[in-house]
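This report considers charged side-chain pairs, helix packing and the nonpolar core, in that order.

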Amino acid sequence: MQVAEARLQLPCQLMMLCKILEVEPDQLIYDFLSTLAAESFGRKGETRKLLQDYFILCGYGQQHYTEADIRKMMEELQAIGTLWPEGAGRKVVDKHTRWRNMYHRYWYRKWYYKMRRKEVSPLHHK
C-alpha cells in the first residue's frame, strides 16, 4: 500500500452530513478510494460497479484511454485484488505480497506505456 498524505478542502455540506451520520470524512474517502482501486478489503458487487461507472461518467482519463480500456484496467485490478492465500501461513502470505507487488508493477507499466503511445480520438468518447 502506498501512503500519501493530502490536505483536502472538503465541502461544508459533506462535513455536516458526516457529522450527522457519525461517519468520519477520512473513513468515507478511504472506503471510496479502496473500492475504486479494487482493494480486496474494499466494497464489492453493486457498490464497486456503481463507483466505477461514476468514475467513467466523469470522464477521468478518457483523453488517453477509451472507456473499454478503463473498464479493462479496473477489471484487471479487481482480479489482482481477489487473489489471497486464505488460511496460508506467514511465509506464503509474505510470498503472495511480493507477487502482488509484481503484478501491480506489471499492470502499471502495461497501462502507463500504452497511454504514452497514442492519443484517443474524440470519436471514442461518449
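## Salt bridges

Seven salt bridges are found in a search of the whole structure, which is a predicted model. In one of them Arg71 pairs with Glu67, with the closest N and O atoms 3.0 Å apart; the two residues are four apart in helix 4 and are therefore separated by about one helical turn. Arg71 is partly exposed, with a relative accessible area of 33%, whereas Glu67, at 16%, is buried.

Lys114 and Asp69 also meet in a salt bridge, at 3.0 Å from N to O, and this pair links distant parts of the chain, since Lys114 lies in helix 5 and Asp69 in helix 4, 45 residues apart. Here Lys114 is partly exposed at 23% relative accessibility, while Asp69 is buried at 10%.

Within helix 5, Arg90 and Asp94 are four residues apart, about one turn of the helix. Through shared partners, salt bridges also join Lys49, Asp53, Glu67 and Arg71 into one network.

## Packing of helices 2 and 3

The axes of helix 2 (residues 25–36) and helix 3 come within 9 Å and cross at roughly 85°, so the two helices are roughly perpendicular to each other. Helix 2 contributes Phe32, Thr35 and Leu36 to the contact, and helix 3 contributes Arg48, Leu51, Gln52, Tyr54 and Phe55; by class, these are five nonpolar, two polar and one charged residues.

## Nonpolar core

The largest nonpolar core has 13 residues, of which Tyr65, Ile70, Met73, Trp107 and Trp111 touch the most other members. Helices 3, 4 and 5 each supply at least two residues of this core, and the largest share, five residues, comes from helix 4. Leaving aside neighbours within four places in sequence, Met73 is in contact with Tyr65, Trp107 and Trp111.

Key:
Residues are numbered from 1 along each chain as its sequence is written. This is a predicted model: local features need pLDDT of at least 70, side-chain atom pairs count only at pLDDT 80 or more; totals for chains, interfaces and linings use all residues. Side-chain values use heavy atoms; hydrogens and water are left out. A nonpolar core is a set of buried Ala, Val, Leu, Ile, Met, Phe, Trp, Tyr and Cys residues joined through side-chain atoms within 4.5 Å. Buried means under 20% relative accessible area, exposed over 50%, partly exposed in between (1.4 Å probe, protein chains only). Contact means heavy atoms within 4.5 Å. Axes are lines fitted to C-alpha atoms, for helices over the stretch in contact, and angles run from 0 to 180 degrees between N-to-C directions. Angles under 35 degrees count as roughly parallel, over 145 as roughly antiparallel, 65 to 115 as roughly perpendicular and the rest as oblique. Ala, Val, Leu, Ile, Met, Phe, Trp, Tyr, Cys and Pro count as nonpolar, Asp, Glu, Lys and Arg as charged, and the others, Gly among them, as polar. A salt bridge is a side-chain nitrogen of Lys or Arg within 4 Å of a carboxyl oxygen of Asp or Glu.
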